Amino acid sequence: QTDLRGKHLITLQEWTREEIDTLLDIAFDLKRRKALGEKHHLLEDKTFYMLFFDNSTRTRNAFETGMTQLGGHAIYLTPKTTQIGHGETPKDTVEVLGRFGNGIGVRNCTYKVGNAYMRELAKYSKIPVINMQCDLYHPTQALADIMTIQEKFGKNTRGLNFTISWTYAPKYIRPLSMPQSLILLMSRFGMNVTLAHPPEFHLLPEFIEQAKKNAAENGVKFNIVNDMDEACKDADIIYAKSWGPIAYTGSDTEGAELIDKYPNWVMDSRRMALGHKEAIYMHCMPADRGIEVTEEVMDGPQSVIYDEAENRLHTIKAILAATLK
Ligand code: CP
């Protein structure tokens, strides 16, 4: 009964729980069909455009492979290889692509610009616009994360303790999109959310306010702490990775100073042991092994990072199958 055809996905915050649950149902079904070797050509003759302003391993290949497995075709576009580099407007770009194909995904993480670009495309688009990560949100990653948590703990996630710990990112500057998406979504699935970060590494205040509201509406806790040990205590899910310093400072130079200030903000086995015995370790990748998280945790028995990455494929296929026109 949930008709998602043609619906834009800029953030899951704009989707109802019923709509998100529908995507998850489809994702589990498509994963089962793939495992059984059943053909599932739900998007035959359909074309999806993937417009990347930034690099990607998982997202690009999940969309491209997903379209192949669904019997359709994906086209990789960049500003350099299109007339976007020449200054063509979002309106002109999407009006034309909408006459050819059936959906468009965009990755644009440029701070204060990426989300605005996507919104502008969506305003004029007659085909669904899918956020493949922007400066504010990463909805396709967050959906794969929920699927992974449901696989590990069961569909009913109420009462689980979800800890997000964020620290510095020497190489990968992806301002805020992951922690902001996670604090908004996990409480909607009944989890108590703890956000841990060094004092200066704030998320945007409106996201904190919305996360508090989501938690209150769903009868769960939302806490912010500046101590990684405290955050890991009694956790069921520990999602610890890097957080670009540019998110706070707006400049690489100031960010570099912050990196030096927090050399111990690292996820390691001692901290994993503070969580529940059955706790899992998650990371959306790419990871700075040995800097933000130890090899021992990344490759340890509690790590679910590769299942999580695989679920990008199944959840992205679900989004494509449900929304493409
Ligand atoms: N997690 C994630 O979005 O990975 P990529 O940057 O490789 O797409």
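Domain bounds, as used here, come from an automatic or database domain assignment. For this protein, the assignment gives domain 1 (12–138 + 311–323) and domain 2 (141–309). The structure is a predicted model, in which local features need pLDDT of at least 70 and side-chain atom pairs count only at pLDDT 80 or more, while totals for chains, interfaces and linings use all residues. Residues are numbered from 1 along each chain as its sequence is written.

The C-alpha centres of domain 1 and domain 2 lie 25 Å apart. Domain 1 gives 20 residues to the contact and domain 2 gives 25 residues, two residues being in contact if their C-beta atoms, placed from the backbone, lie within 7 Å. On the side of domain 1 that touches domain 2, the elements that give two or more residues are α1 (17–36), β4 (129–134) and α13 (305–323). Helices (H or I, at least four residues) and strands (E, at least two) are DSSP runs, numbered from the N terminus. This side of domain 1 has 9 nonpolar, 7 polar and 4 charged residues; Ala, Val, Leu, Ile, Met, Phe, Trp, Tyr, Cys and Pro count as nonpolar, Asp, Glu, Lys and Arg as charged, and the others, Gly among them, as polar.

The ligand lies between the two domains, because domain 1 and domain 2 both give residues to the shell around it. That shell consists of Ser56, Thr57, Arg58, Thr59, Gln133, Gln141, Cys284, Met285 and Pro286, each with its C-beta atom, placed from the backbone, within 6 Å of the ligand. By class, the shell has 3 nonpolar, 5 polar and 1 charged.
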